[in-house]
2 protein chains.
Amino acid sequence: MVATLDNHGKHQVVIIGGGFGGLYTAKHLAKANVNVTLIDKRNFHLFQPLLYQVATGTLSPADISSPLRAVFSKSKNTQVLLGEVNDIDPKAQQVIMGDKAIPYDTLIIATGVNHSYFGKDNWKDLAPGLKTVEDAIEMRRRIFSAFEAAEKETDPEKRRALLTFVIVGGGPTGVELAGAIAELAYKTLKEDFRNINTSEAKILLLQGADRVLPHISPDLSEVAAKSLEKLGVIIQTNTRVTNIENNIVTFKQGDEVTAIASKTILWAAGVQGSAMAKVLAERTGVQCDRSGRVIVEPDLTIKGYQNIFVVGDLGNFSHQDGNPLPGVAPVAKQQGEYVAKLIQKRLQGQTLPAFHYNHVGSLAMIGQNLAIVDLGFLKLTGFLAWVFWLIVHIYFLIEFDTKLLVVFQWAWNYITRNRRSRLITGREAYVEAKTVNNITQIAN
Amino acid sequence: MVATLDNHGKHQVVIIGGGFGGLYTAKHLAKANVNVTLIDKRNFHLFQPLLYQVATGTLSPADISSPLRAVFSKSKNTQVLLGEVNDIDPKAQQVIMGDKAIPYDTLIIATGVNHSYFGKDNWKDLAPGLKTVEDAIEMRRRIFSAFEAAEKETDPEKRRALLTFVIVGGGPTGVELAGAIAELAYKTLKEDFRNINTSEAKILLLQGADRVLPHISPDLSEVAAKSLEKLGVIIQTNTRVTNIENNIVTFKQGDEVTAIASKTILWAAGVQGSAMAKVLAERTGVQCDRSGRVIVEPDLTIKGYQNIFVVGDLGNFSHQDGNPLPGVAPVAKQQGEYVAKLIQKRLQGQTLPAFHYNHVGSLAMIGQNLAIVDLGFLKLTGFLAWVFWLIVHIYFLIEFDTKLLVVFQWAWNYITRNRRSRLITGREAYVEAKTVNNITQIAN
């Protein structure tokens with residue numbers, strides 16, 4: 001029995017990508033008189049802004065994920081397809097998955113961005129980034145394994161390298177990672193080891209721009225920097241990484257070149273458009289920017305194709321103030337809503353004015369009790385900002401999947417200063433354990 | 001700075017394995033005048049009885065894990081070592097890890113058991129078992145990927161194989177897995193797919209003995225079987241698997257041989273002693289039983305070695321009623337406590353009577369509102385047993401790490417019938433997605 005979707009000649013909307021952009025588009029089409037096919041490589045939507053909390057052992061992957069089928073369980077006009085899109089045929093109005101073609105009347109591309117290593121792709125394994133659940137688990141493995149290896153290391157120089165954490169990139173992810181690792185080393189893990197003093201860990205945040213969190217106002221950015229430094233993070237602004245190899249990171253600040261031995265180098269710098277941008281450029285001639293993001297029209301379509309939209313991080317929308325909108329969840333969310341509305345208007349023979357991003361503010365978490373909130377009219381720092389940050393994130397999380405548990409989790413972690421999710425798992429879960437060092441000395 | 005443990009000539013206790021046996025031994029030595037070194041390959045203790053809930057998408061790995069360092073954070077006489085023991089030198093009283101040796105005065109081996117495929121080791125990949133976090137995530141991946149692949153499959157025969165789940169082994173793990181998969185297919189996922197009816201899934205539980213849960217009383221075992229059948233599980237007792245290949249499982253009941261196509265075959269049958277048993281046998285001449293478990297003396301030492309103990313699943317203790325004690329957490333826990341006490345008695349020049357297992361009862365979870373409790377003097381089934389099961393497991397969970405969250409999690413899942421942790425992750429997270437089937441048919 002194959003219960004194929006009965007389309008009754010309905011308008012076919014195909015959405016590629018179940019991130020914020022794709023998800024909100026589909027959500028706002030759930031009651032429209034269209035058929036929606038949402039295609040994703042993964043069976044869950046990932047709340048990426050909290051991925052750093054998985055990487056640092058506070059939350060589990062499932063805490064920040066919503067199974068896509070569960071989200072659309074009751075949206076009977078929506079089907080979720082697990083798979084990878086290889087190609088697009090704009091003439092035939094088809095999306096190609098392997099040897100199968102899925103027809104569309106309207107196509108929404110929301111495949112987001114990947115890390116950019118600025119052409120140094122061999123840095124990828126040496127300094128992993130943070131985009132997927134697997135990335136987060138790998139980062140978690142590296143961070144906690146470094147402490148474990150340091151506990152067994154008797155060579156002071158090697159131990160220093162094991163206890164040196166370098167984070168490349170001073171945007172929200174870099175700042176949040178640095179803050180969380182500082183809290184780990186200087187608070188959470190302090191009593192857990194017998195041979196090392198985790199307070200001797202060195203956490204270095206390297207930022208290319210002249211300040212951390214350049215997207216928020218300079219005064220709040222300074223508060224963030226001060227708070228990080230108070231936590232123990234060493235910040236280097238105007239700094240470019242020039243080389244990464246053999247667990248040595250080399251960087252340049254002005255004319256000064258420094259090389260530091262570090263076993264844990266984490267990447268939170270540049271992004272580049274996902275592969276779908278190239279496919280789209282080839283098939284439609286649309287232009288991409290230097291980061292490989294698709295230049296979109298004021299209504300989020302692409303030039304020459306009224307029925308192809310690009311939403312979220314993958315799009316470069318520069319019609320508001322000349323600068324591309326930032327790659328953040330609120331932009332993707334508002335774009336998804338806009339496109340869903342526009343599709344429905346069009347079906348009624350109407351249209352909508354150009355997309356306009358309604359900036360709601362910027363948030364960054366630095367540590368427990370420490371956050372930065374910039375709403376333009378209101379700026380918060382410290383505990384109040386932290387509470388605000390929590391409320392906003394909980395609000396977003398429960399929109400799809402009533403994850404009140406995350407609230408309890410946070411409350412609990414807050415009270416106990418605990419990081420229960422610090423499992424070292426995966427393929428190489430105990431590789432380090434095999435390269436045991438001078439243990440007799442420890443045990444005697 | 002290497003802060004080596006200052007032993008002041010203290011008695012050195014080395015424990016291999018951080019499961020229930022090792023953990024309880026160490027816990028009960030925390031205040032003793034000895035130095036304890038707990039060695040484990042992993043950085044966390046795993047609450048294995050709940051692993052099937054990770055495999056079926058209810059809990060996250062971290063929900064049932066306690067970081068070993070956190071457990072012993074305040075036990076200043078205890079150090080946790082992450083690593084793998086390769087050898088034991090009973091003459092020199094040393095444990096060998098790589099090229100390092102750790103001296104002991106008393107050694108406790110608590111490395112547990114692995115799966116046994118009864119010599120058919122090639123079945124391992126075809127029918128994975130459930131012992132580690134990685135096992136559970138792999139099982140979860142297979143279960144949920146099977147539904148995803150079925151959604152895309154148009155060939156009715158292939159679809160049937162994708163929706164057929166075979167569980168080999170009718171002990172607690174097999175029963176719990178079968179019950180959980182039945183609830184998934186017939187309840188949780190019912191509304192989530194568009195092209196398949198998940199209620200058409202077939203869940204087969206193959207049991208070698210003449211009834212499921214042979215360790216509990218026959219009447220309760222029958223209640224369990226009836227409850228499973230009511231959930232939709234097909235039980236075949238007196239059934240032996242004779243072959244597994246190409247997603248076809250062949251089994252024999254009496255003279256009747258059946259072959260069934262199934263894409264998801266799960267192994268919950270035999271166990272065999274971990275590698276350490278062989279090492280121990282070679283080095284000390286101790287005897288092992290047919291399952292490779294170490295035959296222990298009445299005081300849990302091994303023959304000829306008063307200072308080497310084997311606790312938990314790895315030991316075969318048959319001094320109580322002639323039969324080996326079952327490989328369950330309460331046995332390991334009581335043995336750990338006993339050994340910790342005995343060590344302290346010995347340091348005072350005293351000793352203890354032989355170990356005696358105090359049977360507290362048997363529990364098995366079948367589904368929501370459905371469990372089996374056999375306390376000997378009290379037998380419970382249905383909802384009451386389910387509540388009892390919850391209370392007992394919560395009690396054990398919070399003993400190390402106040403995981404009240406798991407309670408909320410369960411309560412929440414119970415109310416919402418949700419399985420939020422059904423992420424398909426890992427290396428081959430979306431391999432299935434690439435073998436896309438006739439999608440045009442679906443989308444049109």
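This is a predicted model: local features need pLDDT of at least 70, side-chain atom pairs count only at pLDDT 80 or more; totals for chains, interfaces and linings use all residues.

Student: Which residues of α5(B) and α7(B) meet?

Tutor: From α5(B) come M139(B), I143(B), F144(B) and F147(B); from α7(B) come L177(B), I181(B), L184(B) and A185(B). The residues of this contact divide into eight nonpolar, no polar and no charged.

Student: What makes residues such as these count as nonpolar?

Tutor: Met, Ile, Phe, Leu and Ala are among the types that count as nonpolar. The residues named on the two helices are of these types, and the division is therefore eight nonpolar, with no polar and no charged residue.

Student: Why is Q207(B) called buried?

Tutor: Buried means under 20% relative accessible area. Q207(B) has 7% relative accessibility, and therefore counts as buried.

Student: Where is Q207(B) placed, and which residues is Q207(B) in contact with, leaving aside its neighbours within four places in sequence?

Tutor: Q207(B) is in the loop between β12 (202-206) and α8 (218-231) of chain B. With those neighbours left aside, its contacts include G169(B), G170(B), G171(B), L213(B) and T239(B). The C-alpha atoms of Q207(B) and I235(B) are separated by 7.5 Å, although the two residues are 28 apart along the chain.

Student: What makes the phi of L213(B) worth noting?

Tutor: Most residues other than glycine have a negative phi. L213(B) is a residue other than glycine, yet its phi is positive, near 45°. In chain A, N247(A) is not a glycine either, and has a positive phi of about 60°. N247(A) lies in the loop between β14 (239-245) and β15 (248-253) of chain A.

Student: Why is N247(A) called partly exposed?

Tutor: Partly exposed covers the range between buried, under 20%, and exposed, over 50%. The relative accessible area of N247(A) is 32%, and N247(A) is therefore partly exposed.

Student: How do you know that R142(A) is not buried?

Tutor: The cut-off for buried is under 20%. R142(A) has a relative accessible area of 21%, so it is partly exposed. R142(A) lies in helix α5 (residues 133-152) of chain A. Not counting residues up to four places away in sequence, R142(A) touches D125(A), L126(A), P128(A) and T264(A).

Student: What makes helix α1 (residues 20-27) of chain A mostly covered?

Tutor: Seven of the eight residues of α1(A) are buried. They are F20(A), G21(A), G22(A), L23(A), Y24(A), T25(A) and A26(A). Each is buried because its relative accessible area is under 20%.

Student: What can be said of chain A as a whole?

Tutor: Chain A has 14 helices and 25 strands. Of its 444 residues, 57% count as buried. An unreviewed UniProt entry lists residues 12-336 of chain A for "domain: FAD/NAD(P)-binding". That span is 30% helix and 29% strand, and its end C-alpha atoms lie 16 Å apart.

Conventions:
Residues are numbered from 1 along each chain as its sequence is written. Chains are lettered from A and ligands numbered from 1 in the order in which they are written. Side-chain values use heavy atoms; hydrogens and water are left out. Helices (H or I, at least four residues) and strands (E, at least two) are DSSP runs, numbered from the N terminus. Buried means under 20% relative accessible area, exposed over 50%, partly exposed in between (1.4 Å probe, protein chains only). Contact means heavy atoms within 4.5 Å. UniProt positions are given in the numbering used here, feature names are shortened, and annotations may be inferred rather than shown by experiment.
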